[in-house]
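Here is a short briefing on one protein chain. Keep the structure open as you read, and find each part as it is named.

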Amino acid sequence: MTDQVLAGIRVLDFTERMQGPYGSQMLGDLGAEVIKVERVRALTPDGRPDERYGANGRYGSDPEDSTFYPAGFLSANRNKKSITVDLKHPSGKEVIRRLVAVSDVVYENFRPGVMERLGFGYADCAAITPSIVYASASGYGPDGPYAHKPGQDVLAQAVGGFGAINVSGAGRPTPVGMSITDVMGGMNGGFAVLAALYHRLNTGEGQHVHVSLLNSAIAAQSEQAVHFLNTAVGEPVRGTVMHAHPYIPPPYGFYATKDGYIALSSGRQVPQLCRILGIPDLSKDPRFDDYWKRDRNRVEFEQLIEDALSQRTTAEWLPLMEAEDLFAAPVQTFAQTFADPQVTHNRMVVTVDSPIGPLKLIAPAFTLTGTPATVRTAPPTHGQHTAEILELAGYTSDEMAALRAEGAV
């Protein structure tokens, strides 16, 4: 599609795992040509040969092939081409130099210093293409006391405060059940590259973009952080298992009904909620008649709410709440989420052809009416586009054969 906002932009993608691939995938969704540079012998996190479609190519249909590892690759590498290159081989290095010369963006997420040691740091690439936009995604940042520590999502959650803000009702720090800082780091990285490309469009200047798991974790908690840093509120305390936010008074969380859970999120609607539940108006109870009292006495308040909710099912409560425009929603299972009519209407699940047949992927989270983001191709097989990309870099058939014979690609 030529009407995509990044059509004509080429990204040389050295990323692995999630933070980097998610960011470069966003650029691919917007039309960029993303060339994924992969190891000649690919590895999964536990060191086995790459299993992006399952070791036997039966991901989704064979239990042995359907581990979580393939999903990690498939979820962050659509709209990309794959070339295998040995970055330590002299001929492999020449392949990369040629590709840098015809690229607009280099995106990498090795530990700080690795690309420099390989000869492909920002200064090296800028010497080849002065206008290059060079994105580095790391665990903790390019320098500082933690720069060379291993960066991984749950570690960044721990250091960055997610454990504290997501503290359990019993006070135990609790990790978010997904790679949340990876995804946010990818989003921040993609956003930053777009800003750098816009700057280059106006000035012709490239620059070095930095994004990290830690900074993404901190930035995502700005609302809570501002409150903590500027008041005497102290450490986050949830108090009850159902409460969703340590600094917001109830009702704000997931509350048990007779058969499931329901989300409630507005303290301004306590009178209406109590009327629907058939209990006295708790906003007039001296224990709960203002914001801070509800906050201090949340254990008692939320127990009263759950006791009342336990009398009916979620499906019975929701129509009564929706009739009064209450801020309420069912707490859904994954199966319910992906069958939800709004999720279906938003077209958040897309199906593409892949080497194993139809593959369901998640669509971009945003829409553009004039230059849409699209899911066009499935994640590539390992080295699938090596010949095509070498031709782009100016190699002849004989030269390609020689590179393969040397083990450089």
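Predicted model: local features only at pLDDT ≥ 70, side-chain atom pairs only at ≥ 80, totals over all residues.

**Overall build**
- The protein chain holds 18 helices and eleven strands.
- Its C-alpha trace spans about 85 × 45 × 40 Å along the principal axes.
- Of the 409 residues in the chain, 44% are buried.

- Helix H8 covers residues 180–203. Its 24 residues should span 34 Å at 1.5 Å a residue, and the end C-alpha atoms are 35 Å apart, which agrees.
- Helix H13 runs over residues 298–309 and has twelve residues. From first C-alpha to last, H13 reaches 16 Å, close to the 16 Å expected.
- Which residues of H13 are buried? They are Arg 298, Phe 301, Glu 302, Ile 305, Glu 306, Ala 308 and Leu 309.
- Seen down the axis of H13, these buried residues fall within an arc of 160°, so they line one face of the helix.

**A cavity and its lining**
- The model has one cavity of 30 Å³ or more.
- The largest cavity holds about 40 Å³ of space.
- Its lining is made up of Pro 251, Leu 264, Ser 265, Ser 266, Gln 269, Leu 273, Leu 326 and Phe 327.
- How many of these lining residues are nonpolar, polar or charged? Five are nonpolar, three are polar and none is charged.

**A cis peptide bond**
- Pro 251, one of the lining residues, is joined to Pro 250 by a cis peptide bond. Omega there is about 0°.
- Pro 251 sits in the loop between helix H10 (222–230) and strand S7 (253–256).

**Positive phi outside glycine**
- Asp 325 is a residue other than glycine with a positive phi, near 60°. Look for Asp 325 in the loop between helix H14 (314–323) and strand S9 (328–330).
- Is Asp 325 buried or exposed? Its relative accessibility is 59%, and exposed means over 50%, so Asp 325 counts as exposed.
- Arg 347 also has a positive phi, near 55°, and is not a glycine. Arg 347 lies in the loop between helix H16 (341–345) and strand S10 (349–354).
- With a relative accessible area of 64%, Arg 347 is exposed.

Technical notes:
Residues numbered from 1 in each chain as written. Heavy atoms only, no water. 1 Å grid on protein atoms, 1.4 Å probe; cavity = no way out; pocket = protein on both sides within 12 Å on 5 of 7 lines; lining within 4 Å. Points joined across faces, edges and corners; volume = space filled by probe spheres on them. Nonpolar A, V, L, I, M, F, W, Y, C, P; charged D, E, K, R; others polar. Helix = DSSP H or I, 4+ residues; strand = E, 2+ residues; numbered from the N terminus. Expected span 1.5 Å × (residues − 1). Buried < 20%, exposed > 50% of the residue type's maximum accessible area, 1.4 Å probe, protein only. Arc of directions from axis to C-beta.
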